[in-house]
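Below is a set of questions and answers on one protein chain.

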Amino acid sequence: MNGDEHAQVILNPPSAMKQNIPFQKEIQQYQGLISFIGMESTQIKKQLGEPHRIDRSSYDYDWWVYNSNSQNYIQIGIENGRVVTVFGTGDDVLVEPFEIGQPIAELRSQGLIKPKISLKVDKNPYRFELTEVDLKTRPLLAMGNIYIQLYVDTFTNKISSIRFLDGRTLIKLRPYELAYRGELLSAKKVTEEEWKEIEQGNKSQILDLTNVIRVRHGRHPLKGDEQLAEVAFLHSKDMQVNHYFDHTSPTKGGLADRLAEGDISYQLAGENIAAKYVDGIAAVEGWLNSEGHRETLLNEEYNYLGVGVFEKYYTQNFIQVWDEQ
């Protein structure tokens, strides 16, 4: 499902593809990320080498992250030794039969984007129903037994990133309204200790993807800051625990108050918040499609970013600090 998000900026702190998609073609003939679905993890290592990082997810798979090149950024979801989902972005990532930066109008003109997608898993029928917002921002396509989420940058109307999934994983994520009969397939319950690992993974991915997007738009990448990240984490946790969604905490105050409490010095500060997105990937793409969040995400004046995730509450704290000479 779609999540919620807010953006805020503070000034002056109070103190100091280009062709038709041949869907009749056999999926096995496509190269790139779609061909990884169902592949054994040992084969992935042969093709891509060891992952730069392994992040736990809340959906039974671990993300193998290949993030050394912002033009070819890849996350591969491994469950029980096999690939169940793949995410990719960057100008050079191979996502046949699509392209990053491809106008979404090309797919719409071919009638490939539909409001309902049906599938059957373990003999149980499921049907995803997409809203108008879903169809505009993250349409879902089916190619055989592989499902494709196209994240669209609605300011350019081009594909920003792509997620490939098998049917079981798509149902576990439930990113759209779902109708079903029989037993609902769900991910295993996550323990408190596992949530800590999941939050760390989402935190790292949000920093990675923010920089991929900034580089795409000609901005300098941001440096991660752990002190700033702790301020962001405390706000995400505060929102979840106290059941609110806002930049102003009923107990900790606004962004300026929280930065002061965290002993953060800055010249300019901004904040993006989001909640209820399936993961950090979806949260970043959601921010990209909201004008205020997008401005914060792409602001040339910021040079540090702290990301804080608590369960499915996400906070980005951006600051500008004058580098010491």
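Q: Leaving aside its neighbours within four places in sequence, which residues is V307 in contact with?
A: The model is a predicted one. V307 has its place in strand β14, residues 304-310. Beyond its neighbours within four places in sequence, V307 is in contact with K203, I206, L207, A229, A232, T315 and Q316.

Q: Is V307 buried or exposed?
A: Buried means under 20% relative accessible area. V307 has a relative accessibility of 4%, so this residue counts as buried.

Q: How far apart in space are V307 and S236, C-alpha to C-alpha?
A: In sequence, 71 residues separate V307 from S236. In space, their C-alpha to C-alpha distance is 9.5 Å.

Q: Which residues have the most contacts inside the largest nonpolar core?
A: The largest nonpolar core has 77 residues. L150, for example, is in contact with F98, I104 and I162, among others, when neighbours within four places in sequence are left aside. A second, separate core of 10 residues includes V231, A256, L259 and A269. Inside the largest core, the residues with the most contacts are I76, V83, F98, L150, I162 and F164.

Q: Which strands stand at the edges of the open sheet of 7 strands?
A: The order in this sheet is β2-β3-β4-β5-β10-β9-β8, with antiparallel pairing. Two of the strands each have a single partner strand, so one side of each is left without a neighbour in the sheet. Those edge strands are β2 and β8 (140-143).

Q: Which residue in β3 is the bridge partner of D55?
A: β2 and strand β3 (residues 62-66) run antiparallel and are joined by 4 bridges. The two strands form a hairpin with 5 residues between them, and D60 in the turn has a positive phi of about 80°. The bridge partner of D55 in β3 is W63.

Q: Which residue in β10 is the bridge partner of Y147?
A: Strand β10 (residues 158-166) and β9 pair in the antiparallel sense, over 8 bridges. In β10, Y147 has as its bridge partner L165.

Q: At about what angle does α8 run to β10?
A: Helix α8 (residues 280-288) is mostly covered, with 9 of its 9 residues buried. At the start of α8, a side-chain oxygen of D279 comes within 3.3 Å of the backbone nitrogen of I281. α8 lies across β3, β4, β5, β9 and β10, and its angle to β10 is about 160°.

Q: At about what angle does α5 run to β2?
A: Helix α5 covers residues 192-216. This helix lies across β2, β3, β4 (73-79), β5 (82-89) and β10. Its angle to β2 is about 125°.

Q: Which residues are joined into one network with D208 by salt bridges that share partners?
A: D208 forms a salt bridge with R53, the closest N and O atoms being 3.1 Å apart. The pair links helix α5, which holds D208, to strand β2 (residues 53-56), which holds R53, across 155 residues. D208 is buried, with a relative accessible area of 16%. The residues joined into one network with D208 are R53 and D55.

Q: How many residues apart in sequence are the parts tied together by R294 and D153?
A: The side chains of R294 and D153 meet in a salt bridge of 2.9 Å, N to O. R294 counts as buried at 11% relative accessibility, and D153 counts as buried at 4%. R294 lies in helix α9 (residues 291-297) and D153 in strand β9 (residues 146-153), so the pair ties together parts whose separation in sequence is 141 residues.

How values were computed: Residues are numbered from 1 along each chain as its sequence is written. This is a predicted model: local features need pLDDT of at least 70, side-chain atom pairs count only at pLDDT 80 or more; totals for chains, interfaces and linings use all residues. Side-chain values use heavy atoms; hydrogens and water are left out. A salt bridge is a side-chain nitrogen of Lys or Arg within 4 Å of a carboxyl oxygen of Asp or Glu. Buried means under 20% relative accessible area, exposed over 50%, partly exposed in between (1.4 Å probe, protein chains only). A polar contact is a pair of N or O atoms within 3.5 Å; within protein, one must be able to donate a hydrogen and the other to accept it, and residues adjacent in sequence count only if both atoms are side-chain atoms. Two strands pair if DSSP finds at least two bridges between them. Contact means heavy atoms within 4.5 Å. Axes are lines fitted to C-alpha atoms, for helices over the stretch in contact, and angles run from 0 to 180 degrees between N-to-C directions. A nonpolar core is a set of buried Ala, Val, Leu, Ile, Met, Phe, Trp, Tyr and Cys residues joined through side-chain atoms within 4.5 Å.
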